[in-house]
Amino acid sequence: MKDVIYQFVHEHMMMHIILISLSTVATICAMAIDFIAGVIKAKQRGEARTSTGYKKTAIKAQKYFSPFMVLIFIDLICCIVVPFPVFSMLWAAYCVFCEFKSVREKSWQKAELRKAEKTMSVIIENKDEIAKMAAEILFQTQQKGQKNEKD
């Protein structure tokens, strides 16, 4: 029995553990590169680098590694049937791809995205005032149209 367990661990589990470890390291390295690139881009845009911005990296890590841990357990359960950890490797590839896209974004594109976010938040906060202004413009247009019909 001891030999069966040793053989199982040696033949199946070790390859899974090595590939899962490589996937984890790849994800962490991609996040580190994105973090450094983000700090550099923030400097270029003249934005303050605050703890709030740094906490976004921790939140991103939580979003990446919570599902990753579950997928690791699924891969370890499936290691008898599947020769390599498919699920965790696919998730790691997705995370690395997302980080790659984030690093590739130009600084001005991020500035435009922030500007659009601010514009949308102003619109959402002032939606009642915007609706009143639109109603007034519509009302004035209708009054002018009625005046022109009378003349």
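This is a predicted model: local features need pLDDT of at least 70, side-chain atom pairs count only at pLDDT 80 or more; totals for chains, interfaces and linings use all residues.
Visitor: How many helices and strands does the protein chain have?
Guide: The protein chain has five helices and zero strands; helices (H or I, at least four residues) and strands (E, at least two) are DSSP runs, numbered from the N terminus.

Visitor: How do you know that the span of helix 2 agrees with its number of residues?
Guide: The expected span is 1.5 Å times one less than the number of residues. For the 27 residues of helix 2 (residues 51-77) that gives 39 Å, and the end C-alpha atoms are 39 Å apart, so the two agree.

Visitor: Which residues of helix 2 are called buried?
Guide: Buried means under 20% relative accessible area (1.4 Å probe, protein chains only). In helix 2 the buried residues are Tyr64, Phe65, Phe68, Leu71, Ile72 and Asp75.

Visitor: Why are helix 2 and helix 3 called roughly antiparallel?
Guide: Angles run from 0 to 180 degrees between N-to-C directions, with axes fitted to C-alpha atoms over the stretch in contact, and those over 145 count as roughly antiparallel. Helix 2 and helix 3 (residues 86-104) pack at about 160 degrees, with axes 7 Å apart; they are therefore roughly antiparallel.

Technical notes:
Residues are numbered from 1 along each chain as its sequence is written. Side-chain values use heavy atoms; hydrogens and water are left out. Buried means under 20% relative accessible area, exposed over 50%, partly exposed in between (1.4 Å probe, protein chains only). Angles under 35 degrees count as roughly parallel, over 145 as roughly antiparallel, 65 to 115 as roughly perpendicular and the rest as oblique.
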